[in-house]
Amino acid sequence: MTGLSTLLIVVGLFLAGGIYSFAKQQMPKSLIVLLSIGAAMCLVSGVLRLEVWN
């Protein structure tokens with residue numbers, strides 16, 4: 001596991017927590033969708049950069 005993949009996964013999980021928090025505060029749906037896209041992109045890129053796939 002490289003440092004960049006770890007960082008991407010941590011940022012993705014942080015954004016996922018933000019999604020939960022924003023949903024509880026009933027923030028605008030467009031903001032939650034934008035945050036979801038960012039979290040998904042971070043998590044997917046972090047997982048794909050793991051060295052277990054080689």
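Select leucine 15 to begin: leaving aside residues up to four places away in sequence, leucine 15 touches Leu35, Gly38, Ala39 and Cys42, where contact means heavy atoms within 4.5 Å. The model is a predicted one, in which local features need pLDDT of at least 70 and side-chain atom pairs count only at pLDDT 80 or more, while totals for chains, interfaces and linings use all residues. Residues are numbered from 1 along each chain as its sequence is written, and side-chain values use heavy atoms, with hydrogens and water left out.

Stay on leucine 15. Its relative accessible area is 19%, so it is buried (buried is under 20% relative accessible area, exposed over 50%, partly exposed in between, with a 1.4 Å probe and protein chains only).

Next, select residues 3-24. This is helix H1, and leucine 15 belongs to it (helices are DSSP runs of H or I with at least four residues, strands are runs of E with at least two, and both are numbered from the N terminus). The end C-alpha atoms of H1 are 32 Å apart, which agrees with the 32 Å that 22 residues should span at 1.5 Å a residue; the expected span is 1.5 Å times one less than the number of residues.

Within H1, pick out Ser5, Leu8, Ile9, Gly12, Leu15 and Gly18, the buried residues of the helix. Then show residues 29-48: this is helix H2, which is included in what covers them.

Move to Leu4, Leu7 and Val11, which make a nonpolar surface patch of about 240 Å². Patch residues have over 30% relative accessible area and no salt bridge; like charges are joined within 9 Å and nonpolar side chains (Val, Leu, Ile, Met, Phe, Trp, Tyr) within 5 Å. A salt bridge is a side-chain nitrogen of Lys or Arg within 4 Å of a carboxyl oxygen of Asp or Glu. Leucine 4 lies in H1 and, at a relative accessible area of 40%, is partly exposed.

Just after H1, stop at glutamine 26, where phi is positive at about 55°.

Finally, select the whole protein, which has 2 helices and 0 strands. Its radius of gyration is 13 Å, well over the 10 Å that the globule rule gives for 54 residues, so the protein is more spread out than a compact globule. That radius is taken over C-alpha atoms, and the rule is 2.2 Å times the number of residues to the power 0.38. Along the principal axes, the C-alpha atoms fill a box of roughly 40 × 15 × 10 Å.

Notes: Accessible areas come from the Shrake-Rupley method with a 1.4 Å probe; for residues, only the protein chains shown count as cover.
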